[in-house]
Amino acid sequence: MKKYYLEDKEFQFLYAKSKRIYHSLVVIDHFCSNYNEIEEIANISGIINFIKNEADMLYSKMINCELIKPRSKSVQKALY
């Protein structure tokens, strides 16, 4: 598995984007679960759930990286 080293600014950008994507998918998934009687929504519910789970995994990895963030700005973050 490759390691990717990011500067703090790059990491913060990706962290914010992954957070927005995850929260958007949670709302979409909730909408799909509440209106599953509509055929078109029922048809896309499976893929929405899959994408939400993938985004959840990404966002949780980003949170873990943020929690172990080094205090020195010169140290780069490693994403696995």
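Colleague: In which helix do Phe 11 and Tyr 15 both lie?
Modeller: This is a predicted model, and its residues are described from that prediction. Phe 11 and Tyr 15 sit 4 residues apart, about one turn of the helix. The helix that holds both is H1.

Colleague: How far does helix H1 reach from its first C-alpha to its last?
Modeller: H1 covers residues 8-34, which gives 27 residues. At 1.5 Å a residue, the expected reach is 39 Å. The reach in the model is close to that expected value, at 39 Å.

Colleague: Are Phe 11 and Tyr 15 buried or exposed?
Modeller: Buried residues in H1 include Ser 18, Tyr 22, Leu 25, Asp 29 and Cys 32. Phe 11 and Tyr 15 also belong to that list. Both residues are therefore under 20% relative accessible area, and the word for them is buried.

Colleague: How many aromatic pairs does the count come to?
Modeller: Rings pair if their centres lie within 6.5 Å. By this rule the count is 4.

Colleague: Is the pair of Phe 11 and Tyr 15 stacked or edge-to-face?
Modeller: The two ring centres are 6.1 Å apart, and the angle between the planes is 25°. Planes under 30 degrees apart count as stacked. The pair is therefore described as stacked.

Colleague: What kind of aromatic pair do Phe 31 and Tyr 35 form?
Modeller: Their ring centres are 4.7 Å apart, with 40° between the planes. Stacked needs under 30 degrees and edge-to-face over 60, and the rest count as tilted. The pair of Phe 31 and Tyr 35 is therefore tilted.

Colleague: Why does Phe 31 count as partly exposed, and what is its relative accessible area?
Modeller: Partly exposed covers values between the 20% limit for buried and the 50% limit for exposed. Tyr 35, its ring partner, is also partly exposed, at 38%. Phe 31 is partly exposed because its relative accessible area is 43%.

Colleague: Which residues do ring pairs link into a cluster?
Modeller: Phe 11 and Tyr 15 are a stacked pair, and both are part of the cluster.

Colleague: What pattern does the protein chain follow along the sequence?
Modeller: The chain has 2 helices and 2 strands. Read along the sequence, they give β-α-α-β.

Colleague: What is the relative accessible area of Ile 44?
Modeller: Ile 44 lies in helix H2, residues 39-67. With Ile 47, Phe 50 and Ile 51, Ile 44 makes a nonpolar surface patch of about 360 Å². Ile 44 is partly exposed, at 40%.

Conventions: Residues are numbered from 1 along each chain as its sequence is written. This is a predicted model: local features need pLDDT of at least 70, side-chain atom pairs count only at pLDDT 80 or more; totals for chains, interfaces and linings use all residues. Side-chain values use heavy atoms; hydrogens and water are left out. The expected span of a helix is 1.5 Å times one less than its number of residues. Buried means under 20% relative accessible area, exposed over 50%, partly exposed in between (1.4 Å probe, protein chains only). Rings of Phe, Tyr and Trp (its six-membered ring) pair if their centres lie within 6.5 Å; planes under 30 degrees apart count as stacked, over 60 as edge-to-face and the rest as tilted. Patches are made of residues with over 30% relative accessible area and no salt bridge: like charges are joined within 9 Å, nonpolar side chains (Val, Leu, Ile, Met, Phe, Trp, Tyr) within 5 Å. Accessible areas come from the Shrake-Rupley method with a 1.4 Å probe; for residues, only the protein chains shown count as cover. A salt bridge is a side-chain nitrogen of Lys or Arg within 4 Å of a carboxyl oxygen of Asp or Glu.
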